[in-house]
Amino acid sequence: MHELQAARRARVVVAGANSPTGRLLLLLLRDSGVHATALVRSPATLVADEVVADWTDNPRSAEAIAAADAVVLLTGVFGAGDWSAYERGMVDTARHIARAVGARGTRVVYFSSLLADAASDNWYLKAKGMAEQLLMPLPGSVIFRLGPVVRGSPQPLPFEQALLQLAPDAPVVLYGDAKRTSRPINLGDVATIAEAAALGAGKPGIYELSGPEEHSLGQLAKLANGAEVAIRTAPLQALACPALQHTVRDLLARIAAPRDAQATAATAAEFGLRLTPLSLAWPLDAVEA
């Protein structure tokens, strides 16, 4: 009598695995019985079968990608003060993945921006657009264009923190147009659709993806705080610290609503995702004085 062979485990590589999305995705992959390889710049303790540090200069990363059924690219740069940081952290990493995948039909999942544009003057949006250009020719690429991502308490993401009152009765200072709208998407939904796409759901292509509710930046501030709050607008130049200006500029670059709300609902349906309403994450816990 022949022994039954164990079913082969799907193999997924996650680049930028120590990001909030990456850490959650690794948990989902573990629960699905997937063999996960985490690619990171600095050594980290992660829920993965293998962790490859210094991955862009480590030959082991190319070997792992060559053996993978799917690669999820989550690398990014936030609030950097020069273009070279975005180029290294976002464009060069996409180039590394594209070269390692080559002509294979490996599923490659990438999260871009709704406003990605390789010709943009904004470094964040420019880098996203250039990364898209490198990944789009791959036959198995799935690119999701997102707006802001939220997580809720007790560890809100930077976009959420920017909406909170810093002290009781203090106004929320918003930079840019407070009437600008977006559809923030839950971090859990991003990780869930990353897993679904990596495991073969949906077709290759570019998709717009967002949360189920559209609000202005001013309305989002009220929802995040759970009450009516005073709002004051200010230009970026009001931030004396250059690092804060770069950070807020990156946050503002992510504030956009999809061109077609029905298209984003269709994206969720194609990948089997049920979008999470903001009310399950917000209001956020008040900041302690």
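Leucine 26 counts as buried, at 1% relative accessibility (buried means under 20% relative accessible area, exposed over 50%, partly exposed in between, with a 1.4 Å probe and protein chains only). This is a predicted model, so to speak of local features takes pLDDT of at least 70 and side-chain atom pairs count only at pLDDT 80 or more, while totals for chains, interfaces and linings use all residues. Residues are numbered from 1 along each chain as its sequence is written, and side-chain values use heavy atoms, with hydrogens and water left out.

**Leucine 26 and alanine 36**

- Leucine 26 lies in helix H1 (helices, H or I with at least four residues, and strands, E with at least two, are DSSP runs numbered from the N terminus).
- Not counting residues up to four places away in sequence, leucine 26 touches Val14, Ala17, Ala36, Ala38, Leu46, Val47 and Ala48 (contact means heavy atoms within 4.5 Å).
- Alanine 36 sits in strand E2 and is buried too, with a relative accessible area of 2%.
- From alanine 36 to leucine 26 it's 10 residues in sequence and 7.0 Å in space, C-alpha to C-alpha.
- Beyond four places in sequence, alanine 36 touches Val12, Leu26, Leu29, Ala48, Asp49 and Glu50.
- For leucine 26 and leucine 138, 112 residues apart along the chain, the C-alpha atoms are separated by 24 Å.

**The sheet**

- Seven strands make an open sheet with parallel pairing, in the order E3-E2-E1-E4-E5-E6-E11 (two strands pair if DSSP finds at least two bridges between them).
- Strand E3 (50-52) and strand E11 (205-208) are at the edges with a single partner strand each, so one side of each has no neighbour in the sheet.
- From one strand to the next, the twist averages 20° (axes are lines fitted to C-alpha atoms, for helices over the stretch in contact, and angles run from 0 to 180 degrees between N-to-C directions).
- Three bridges hold the parallel pairing of E2 and E3, and alanine 38 stands opposite valine 51 in E3.
- Helix H4 (residues 123-135) lies across E4, E5 and E6, and runs at about 155° to E5.

**Nonpolar cores**

- In the largest nonpolar core, 32 residues in all, the members that touch the most others are Val12, Val14, Leu25, Val72, Phe111, Phe144 and Leu209 (a nonpolar core is a set of buried Ala, Val, Leu, Ile, Met, Phe, Trp, Tyr and Cys residues joined through side-chain atoms within 4.5 Å).
- Elements that each supply at least two residues of this core include strand E1 (11-15), helix H1 (20-31), strand E5 (107-113) and helix H6 (187-198).
- H6 gives this core its largest share, six residues.
- Apart from this core lies another, of 24 residues, including Val172, Tyr175, Ala224 and Leu278.
- In soluble globular proteins, nonpolar side chains tend to be buried together.

**Aromatic pairs**

- There are five aromatic pairs (rings of Phe, Tyr and Trp, the last by its six-membered ring, pair if their centres lie within 6.5 Å; planes under 30 degrees apart count as stacked, over 60 as edge-to-face and the rest as tilted).
- Phenylalanine 144 and tyrosine 207 form a tilted pair, 5.9 Å centre to centre with 35° between the planes.
- That pair links distant parts of the chain, with phenylalanine 144 in strand E6 and tyrosine 207 in strand E11, 63 residues apart.
- Phenylalanine 144 also pairs edge-to-face with phenylalanine 271, at 5.0 Å centre to centre and 70° between the planes.
- Phenylalanine 271 lies in the segment after helix H9 (261-270) and phenylalanine 144 in strand E6, so this pair ties together parts 127 residues apart in sequence.
- Phe111, Phe144, Tyr207 and Phe271 make up one aromatic cluster.

- Most residues other than glycine have a negative phi, and most peptide bonds are trans.
- Serine 153 and proline 154 are joined by a cis peptide bond, with omega about 5°.
- A cis peptide bond also joins tryptophan 282 and proline 283, where omega is about 5°.
- Aspartate 54, not a glycine, has a positive phi near 50°; aspartate 54 is in the loop between E3 and helix H2 (59-67) and is partly exposed at 41% relative accessibility.
- Aspartate 169 has a positive phi of about 70°, and is exposed with a relative accessible area of 75%.
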